[in-house]
Amino acid sequence: MRIDPHTHSACSDGTDSPATLMARAAEAGLDVVGLTDHDTTAGWEEAAGAVGATGVALLRGTEISCAVDGVTLHLLAYLFDADAPGLAEAFELARASRSIRARRMVELLAQDYPIAWEDVEAQAAGAVTIGRPHIADALVAAGSFDSRGAAFAGPLATGSPYYVHHWALDPVRGCELVRAAGGVPVAAHPRARSRQRRLVPDAVFADMADAGLAALEVDHRDHGPAEREQARELARYLGIGMSGASDYHGAGKPNRLGENLMPPDLLERIVGEGSIPLVTA
């Protein structure tokens, strides 16, 4: 069974609609795909509607923005009750904070680059969650950079003078809220050193495991061989599962569907512990 549990649609910072994403998953030979847009469940219904036509089962999820001591960590939440008040409120707060952050970054960037907020809105094309990838797309459209990656390596980097922090949930609290909502939490790319200068300490992951963390995403494009082994060792030490995923964003990133996969036994555990079912044909 081929399971890619971490992908994004145009409801956040991907470029494919949820239905198109499902079609792409079928073309990639996937049996199950996880839709995990940032801080939103807006794409679930459309993706579920495409299950019958594509034959690909849908693992409903969300990628939650978390941070501890100024260090970012993303938490994948699977098969939770989307109406659970604590988690829904955290999503709303995160989206609002991301929007405020994005506006402030555009104000700073506009001093040196040909960009305005309207340009970012045009690139977001109705996305529920607006973030740095949409700013990057606006910079590319303006001719300032050749790609999202180039923009992220330049003015959108975390160490850039244009970078602005946004509110993010504490990851231990995130695990608690996901479990309270009947979901299953998995830490995304926990050793992606290329994304930021510092990484979340192992002690925080231990606290997350105590709060219900089910697995670490070990196999990911942003993990080299050393980082994958470090993540495996940490998962073994914590006694939790190991996952893998593409983190596909359509044309927004070079990541390809199915380039890393989740083990079937971990999916079986997630389905068994989640409060909503896998959507199947």
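## Terms and model

Buried means under 20% relative accessible area, exposed means over 50%, and partly exposed lies in between (1.4 Å probe, protein chains only). Helices (H or I, at least four residues) and strands (E, at least two) are DSSP runs, numbered from the N terminus.

This is a predicted model: local features need pLDDT of at least 70, side-chain atom pairs count only at pLDDT 80 or more, and totals for chains, interfaces and linings use all residues. Residues are numbered from 1 along each chain as its sequence is written, and side-chain values use heavy atoms, with hydrogens and water left out.

## The sheet

Start with the sheet. It is open and has 7 strands, in the order S1-S2-S3-S4-S5-S6-S7. The pairing is mixed. Two strands pair if DSSP finds at least two bridges between them. Strand S1 (3-7) and S7 are the edge strands, and each pairs on one side only. From one strand to the next, the twist averages 35°.

Strands of a sheet pair through backbone hydrogen bonds, either parallel or antiparallel. The pairs below show both kinds.

Strand S3 spans residues 57-68. Of its 12 residues, 11 are buried, so S3 is largely enclosed by the rest of the structure.

S2 and S3 run parallel and are joined by 4 bridges. Here Val32 stands opposite Ala57 in S3. S3 and S4 run antiparallel, with 8 bridges between them. Ser65 faces His74 of S4 across this pair. S3 and S4 also form a hairpin, with 2 residues between them. In the turn, Asp69 has a positive phi of about 55°.

## Strand S5

How many residues of S5 are buried? The count is 5 of the 5, so S5 is largely enclosed by the rest of the structure. In a regular strand the side chains alternate between the two faces of the sheet. Both faces of S5 are covered. Val184, Val186 and Ala188 are buried on one side, and Pro185 and Ala187 are buried on the other.

Strand S4 (residues 71-78) and strand S5 (residues 184-188) run antiparallel and are joined by 5 bridges. Leu75 stands opposite Ala187 in S5. Leu76 has Val186 as its bridge partner in S5. S5 and S6 run parallel, with 2 bridges between them. Val186 has Ala215 as its bridge partner in S6.

## Helices on the sheet

Contact means heavy atoms within 4.5 Å. Axes are lines fitted to C-alpha atoms, for helices over the stretch in contact, and angles run from 0 to 180 degrees between N-to-C directions.

Helix H1 (residues 18-27) lies across S1, strand S2 (32-35) and S3. H1 runs at about 150° to S2. Helix H10 (residues 225-238) also packs on the sheet. H10 touches strand S6 (215-219) and S7, and its direction makes about 155° with that of S6.

## Two crossing helices

The axes of helix H5 (residues 117-124) and helix H6 (residues 132-141) come within 8 Å. They cross at roughly 105°. That makes H5 roughly perpendicular to H6. Angles of 65 to 115 degrees count as roughly perpendicular, under 35 as roughly parallel, over 145 as roughly antiparallel, and the rest as oblique.

Which residues of H5 and H6 make the contact? H5 supplies Asp119, Val120, Gln123 and Ala124. H6 supplies His134, Ile135, Asp137, Ala138 and Ala141. By class, the contact has 5 nonpolar, 2 polar and 2 charged residues. Ala, Val, Leu, Ile, Met, Phe, Trp, Tyr, Cys and Pro count as nonpolar, Asp, Glu, Lys and Arg as charged, and the others, Gly among them, as polar.

## Loop residues

Asn255 sits in the loop between strand S7 (241-244) and helix H11 (264-273). At 3% relative accessibility, Asn255 is buried. Its side chain reaches the backbone oxygen of Ser246 at 2.8 Å. Not counting residues up to four places away in sequence, Asn255 touches Arg221, Ser246, Asp247 and Tyr248.

Gly250 lies in the loop between S7 and H11. Gly250 is buried, with a relative accessible area of 3%. Leaving aside neighbours within four places in sequence, Gly250 is in contact with Thr15, Asp16 and Arg256. Gly250 and Thr20 are 230 residues apart along the chain, and their C-alpha atoms are separated by 9.6 Å.

Technical notes
Polar contact = N/O pair within 3.5 Å; in protein donor to acceptor, adjacent residues only side chain to side chain.
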